[in-house]
Amino acid sequence: SSGINAEYGEDEERLVRSLQNTSNHFDSDDEEVDMRDPNSIPGISFWEALKIPGVLEFASALFFAKLVCYTFLFCLPQYIHTIKIGGKVYDASKSGDIATLYDIGGILGSIICGLLADKTGCNAIVCIVFQCISVPLLYIYYTYGNISFSAQLVMMAVLGFFSNGPYALITTAVSADLGTSERVRGNSQALATVSAIIDGTGSIGATVGPYITSVLISGRSGPKTFETVFYVLMASAAAAAMCLLRLMVKEIRTTRARIMEYLHLTRSDLDKNISVAYSMIGKQN
């Protein structure tokens, strides 16, 4: 009987140890879950988010970029309706159909702009190039877009290509890239604050643009009704590019450093290969 009791005692001790290990395992899992819970990480304030490098610049650029895009989105059909394209005036319905080509060009521009930004890693430079090209395109479209129906379609699509690209890039990829900042990394609430600041500032521009247009064309008629509006749009596109100049300089320096490092490594490898070749030739001799 004593042997049986000893056997039961050993089994009981093993069972207790097993239960203790299981309890510790669940406790450690609970602690790990609590540590990974994003809601346990405090967010950042509005002013702290503005101090993150790139937030203020891209938010300001998006203000002007959205001003241009949404002015065209809402006012382009009316503009087409007020001018003669190839000597012909189109009704409101046809003008709206023609204006959709601007959006088609914008879709293609957004894709190409994103691809260039991914390949180069230079978001600011890509945005500046697109915005700088859109400034003369606005003047060309206003001056020569009414020559013929074909010219109107081509210029409108090209203008949409270059003016919509930066707007789409900033609202998506740039906001995500800013999430790699040390102040935001791993903090979903902080990333939401940064994205809200950038997109919210752009939405203000989207509201201001059509309002300014309605004020400028109020009480005016004739072919030059939208002349001042186009000058405002050209100034806005230029302002969007200027907002990103500091970031452009930073990206140029970073790219130059990467190129110099690559060239240095390449030269080091070349010198090493030459040394190996000379040593092999010496051994053969």
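Isoleucine 140 touches Gly145 and Met155, residues up to four places away in sequence being left out; contact means heavy atoms within 4.5 Å. The model is predicted: local features need pLDDT of at least 70, side-chain atom pairs count only at pLDDT 80 or more, and totals for chains, interfaces and linings use all residues. Residues are numbered from 1 along each chain as its sequence is written, and side-chain values use heavy atoms, without hydrogens and water.

Isoleucine 140 lies in helix α5. Helices are DSSP runs of H or I with at least four residues, numbered from the N terminus. The C-alpha atoms of isoleucine 140 and methionine 155 are 8.0 Å apart, at a sequence separation of 15 residues. Isoleucine 140 has 34% relative accessibility and therefore counts as partly exposed (between buried, under 20%, and exposed, over 50%; 1.4 Å probe, protein chains only).

Helix α5 also meets α8. Their axes, lines fitted to C-alpha atoms over the stretch in contact, come within 8 Å and cross at roughly 170 degrees. That makes α5 roughly antiparallel to α8 (angles over 145 degrees, on a scale from 0 to 180 between N-to-C directions). Leu138 and Tyr141 are among the α5 residues in this contact, and Phe230 and Leu233 among those of α8.

Phenylalanine 72 touches these four residues, including Leu138 and Phe230, as well as Pro77, Tyr102 and Leu159, again without residues up to four places away. Phe72, Leu76, Tyr79, Ile80 and Tyr141 touch the most other members of the largest nonpolar core, which has 56 residues. Such a core is a set of buried Ala, Val, Leu, Ile, Met, Phe, Trp, Tyr and Cys residues joined through side-chain atoms within 4.5 Å.

Technical notes. Helix = DSSP H or I, 4+ residues; strand = E, 2+ residues; numbered from the N terminus. Parallel < 35°, antiparallel > 145°, perpendicular 65-115°, else oblique.
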